[in-house]
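Please open the model in your viewer and keep the sequence panel beside it.

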Amino acid sequence: MPDAVLLKPGRLDLAEYAQIQAHSALGAQIVSEVLTPEQVGWVRHHHERFDVGGYPDRLRGLDIPEGARIMAVADSWDAMTGHRNYRDALGADEAMLECRTASGTQFDSGVVVSLERLHARGVLGRRATHPTREAASSQHVQALDSHDERFSDGAANGC
């Protein structure tokens with residue numbers, strides 16, 4: 001992905017969003033030689049939506065691999081609770097509310113229930129740090145994590 005898209009501080013236009021949408025299929029292709037076919041499917045489909053409307057293959061419900069449904073929630077949690085150039089991080093309670101709001105539409109409700117259990121145990125408020133990442137690399141990862149939320153109007157729709 002071009003830096004101009006990954007690091008853009010504002011909303012993405014349609015052409016930029018199309019570039020971003022290509023990342024899940026491209027990511028699956030990249031990891032295909034080192035992961036199992038099942039795991040490659042998780043990478044490919046982690047932006048599918050439980051109610052349809054995701055990408056790249058517009059899968060829905062239980063047609064989305066379970067690992068991808070879990071990755072979707074984890075990726076969204078990370079995007080919401082991490083600081084972005086264009087917005088501050090959400091707190092754990094606020095991020096949990098967004099996930100509940102998207103339960104059954106964007107997300108598998110069973111995965112959200114599991115997330116709620118972790119939240120109730122108090123383990124979701126802590127963010128892992130990656131001291132070995134260079135700043136630019138970290139910005140790229142953050143930009144990819146949050147691409148949908150910059151394109152959409154709602155936080156839950158853009159998780």
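Begin with M1, which sits in the segment before helix 1 (3-6), helices being DSSP runs of H or I with at least four residues, numbered from the N terminus. The model is predicted, so that local features need pLDDT of at least 70 and side-chain atom pairs pLDDT 80 or more, while totals for chains, interfaces and linings use all residues. Residues are numbered from 1 along each chain as its sequence is written, and side-chain values use heavy atoms, without hydrogens and water.

M1 counts as partly exposed because its relative accessibility is 37%, where buried means under 20%, exposed over 50% and partly exposed in between (1.4 Å probe, protein chains only).

Next, colour the whole chain by secondary structure, which comes to eight helices and zero strands. Of its 159 residues, 40% are buried.

Now select V73, W77, M96, C99, F107, V112 and L115, which touch the most other members of the 14-residue largest nonpolar core, a core being a set of buried Ala, Val, Leu, Ile, Met, Phe, Trp, Tyr and Cys residues joined through side-chain atoms within 4.5 Å. Helix 4 (66-81), helix 5 (92-102) and helix 6 (109-120) each supply at least two residues of this core. A second, separate core has six residues, including V5, Y17, I20 and Y55.

Finally, centre on L115: beyond its neighbours within four places in sequence, L115 is in contact (heavy atoms within 4.5 Å) with V73, W77, M96, C99 and L124.
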